[in-house]
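Please walk through the following chain with the model open.

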Amino acid sequence: MRIGELARLTGVSTRLLRYYEEQGLLEPTRSSAGYREYGEGDTVRVRQIRSLLAAGLPTRVIARILPCATGPLPALEACPDLLGTLRGELAELDARITELTRSRRALAGYLDAAVPPSRPYAAA
């Protein structure tokens, strides 16, 4: 199938599919006319990529762990360095959450100091 069909089946734009190719996440073959050609397995691959992106993983990490992915959800099989890679990404997320929480507390403190008690701000 060509890129437009893959885009239609997966709900991902052709521009994004080309980006995935640039990042080494998709590897279409080329027709004699130079058109990208995708197989049925590429629909699963795109769903895997989207799922891993939704988990917060950057494409550079997805490229390393994609060979461990099976099924559209995906399930990840134990490949070399998989656990270390995922633990590292989780640690980075935890550090960012800690920093965002600290920033949020500071901003809320500024608001508390600046807003008169009769007009409280809406804290989320």
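P74 lies in the loop between β3 (69–70) and β4 (75–76); helices (H or I, at least four residues) and strands (E, at least two) are DSSP runs, numbered from the N terminus. The peptide bond that joins L73 and P74 is cis, with omega about -15°. This is a predicted model, in which local features need pLDDT of at least 70 and side-chain atom pairs count only at pLDDT 80 or more, while totals for chains, interfaces and linings use all residues. Residues are numbered from 1 along each chain as its sequence is written, and side-chain values use heavy atoms, with hydrogens and water left out.

P74 is also one of the residues touched by Q48, which sits in helix α3. Contact here means heavy atoms within 4.5 Å. Not counting residues up to four places away in sequence, Q48 touches L66, A69, T70, G71 and P72 as well as P74. Is Q48 buried or exposed? Q48 is buried, because its relative accessible area is 3% (buried means under 20% relative accessible area, exposed over 50%, and partly exposed in between, with a 1.4 Å probe and protein chains only).

Next come the helix pairs. Two packed helices are described by the angle between their axes and the distance between the axes. Axes are lines fitted to C-alpha atoms, for helices over the stretch in contact, and angles run from 0 to 180 degrees between N-to-C directions. The axes of α1 (residues 3–10) and α3 (residues 41–54) come within 10 Å and cross at roughly 55°. That angle is why α1 is oblique to α3; angles under 35 degrees count as roughly parallel, over 145 as roughly antiparallel, 65 to 115 as roughly perpendicular and the rest as oblique. On the α1 side, L6, L9 and T10 meet D42, T43, V46 and R47 of α3. By class, this contact of α1 with α3 has three nonpolar, two polar and two charged residues (Ala, Val, Leu, Ile, Met, Phe, Trp, Tyr, Cys and Pro count as nonpolar, Asp, Glu, Lys and Arg as charged, and the others, Gly among them, as polar).

For α2 and α3, the axes come within 12 Å and cross at roughly 85°, so these two helices are roughly perpendicular to each other. L16, L17 and Y20 in α2 meet V46, I49, R50 and L53 in α3. The contact of α2 with α3 has six nonpolar residues, no polar ones and one charged one.

Y20 touches V12, L25, L26, I49, R50 and L53, not counting residues up to four places away in sequence. Y20 is also among the residues with the most contacts inside the largest nonpolar core, together with L17, L26 and L66. That core has 20 residues; a nonpolar core is a set of buried Ala, Val, Leu, Ile, Met, Phe, Trp, Tyr and Cys residues joined through side-chain atoms within 4.5 Å. Helices α1, α2 (14–22), α3 and α4 (59–65) each supply at least two residues of this core.

G24, in the loop between α2 and β1, counts as partly exposed because its relative accessibility is 41%. The C-alpha atoms of G24 and A63 are separated by 6.5 Å, although the two residues are 39 residues apart along the chain. S31 belongs to the loop between β1 (29–30) and β2 (36–37) and is buried, with a relative accessible area of 17%. D81, in the loop between β4 and α5 (82–114), counts as exposed at 64% relative accessibility. Phi of D81 is near 70°, a positive value in a residue other than glycine.
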